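Biologist: Could you walk me through how the two copies meet?

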2 protein chains.
Amino acid sequence: MANKLSQLDQVFAALADPTRRAIVMRLCAGEASVGELADPFAMALPSFMKHIHVLETSGLVQSEKSGRVRTCRLSPDALLGAEDWFQQQRAIWEARLDRFEAYVMKLKKEKEQAAAKRPSRTARKKGS
Amino acid sequence: MANKLSQLDQVFAALADPTRRAIVMRLCAGEASVGELADPFAMALPSFMKHIHVLETSGLVQSEKSGRVRTCRLSPDALLGAEDWFQQQRAIWEARLDRFEAYVMKLKKEKEQAAAKRPSRTARKKGS
DNA sequence: TGTATAGTTAGCTTCATGGCTAACAAATTA
DNA sequence: TAATTTGTTAGCCATGAAGCTAACTATACA
C-alpha cells in the first residue's frame with residue numbers, strides 16, 4: 001500500500017534521466033545485452049551499470065545473466081503504473097474543467113437574463 | 001528541440017517526489033495559495049517553497065502574486081507532454097508485441113503443418 | 001592453457017536535492 | 001501607526017546521484 005507510492009517515486013526518478021529514458025526506449029523495441037545497450041553512450045561501463053541498476057530497482061527493467069552476458073528486457077507493469085497516474089490526474093482535471101464550464105455557463109445565462117430585462121449598449125455586441 | 005528533452009527531465013524529476021505529486025494532485029482540483037498548499041505538510045515554509053519552485057521550473061505549475069498572496073495553478077501542458085511520452089513508448093512496445101505474436105503464430109502454423117504430415121502422440125493434445 | 005570478452009566491485013570526487021533556522025519585506029488589519 | 005499575516009532570501013548541513021579509474025571475476029575462444 002504505502003509501498004506503491006514509493007514505487008512511483010522510483011519510476012519517475014528513473015525516467016528523469018535522459019540516459020535511462022533512452023534505455024527504456026531501446027528496450028521497448030526488444031531485449032538486449034548490457035554491452036549492446038551501453039554501446040551508444042560515451043560513458044564508462046560501471047557508470048552505465050548504475051543506470052541499469054536504477055531501472056531494475058524501479059521495476060521498469062528485468063535482467064538475467066546467462067554465461068557472461070546479462071540480457072535486459074522491459075517489464076511493462078511499472079511503466080503502465082506510471083501512465084495510470086497521469087490518467088487519474090487528467091480525469092480529475094477534466095472533471096474540474098467540466099464543473100468550471102458549467103459554472104461559467106450558469107453565469108453567462110444569468111447575465112443574459114439580466115440583459116434581456118435591462119437592454120444596454122453592450123447587450124448589442126454579442127453575435128450569438 | 002534539445003530543449004524539449006530536458007523539459008521532460010524536469011517534469012519527471014518534479015514528479016519523483018511525493019510532496020510534489022501531492023501538490024499536483026491538489027492543484028488538479030483547482031488553484032490554491034501557497035499557504036493552503038503548504039498546510040497539510042509538516043515542513044517549514046522555505047522548504048515547501050522550494051518544491052513550488054521546482055514545479056514552476058518544470059512548467060507543471062504557474063503562479064502569480066496578488067497582494068501578499070501567491071496563487072498557484074496547474075499548467076496542464078507539461079503534464080500532457082509527459083503523458084505523451086508514455087503513450088509513444090507503449091505504441092512501440094505494442095507494435096513489437098504484435099510482431100512477436102505474428103512470429104509465434106507463424107511458428108505454430110509451421111508446427112501444425114509438420115504435425116499433420118507426421119502425426120505423433122503430442123499432435124493429439126491441441127484442442128483447436 | 002592462455003588470452004580476450006563481458007560484467008562487476010570498490011572507492012573516489014563533484015554537484016544537486018531536500019531539509020532546517022534566522023532574518024527580512026511587504027500587505028492587511030486593528 | 002503598530003501588529004499580524006504571508007511569503008521570500010540567505011545560508012547552513014546531510015544525503016544521495018552521477019560520473020570516473022583501477023582492479024577483479026568468470027566465461028568463452030584459440
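**The interface**

Modeller: Let's start with one pair: Glu83(B) makes a salt bridge with Arg90(A), with 2.7 Å between the closest N and O atoms (a Lys or Arg side-chain nitrogen within 4 Å of an Asp or Glu carboxyl oxygen). This is a predicted model, where local features need pLDDT of at least 70, side-chain atom pairs count only at pLDDT 80 or more, and totals for chains, interfaces and linings use all residues. Residues are numbered from 1 along each chain as written, chains are lettered from A and ligands numbered from 1 in written order, and side-chain values use heavy atoms, leaving out hydrogens and water.

Biologist: Which element of chain B gives the largest share of the side that touches chain A?

Modeller: Helix 1 (2–15), helix 2 and helix 5 (76–117) of chain B each give two or more residues to that side (helices are DSSP runs of H or I, at least four residues, numbered from the N terminus). The largest share, 13 residues, comes from helix 5 of chain B.

Biologist: How much area do chain B and chain A bury between them?

Modeller: Buried area is the accessible area (1.4 Å probe) lost on putting two parts together, summed over both. Carbon and sulfur atoms carry 68% of it here, and the total is about 2,700 Å².
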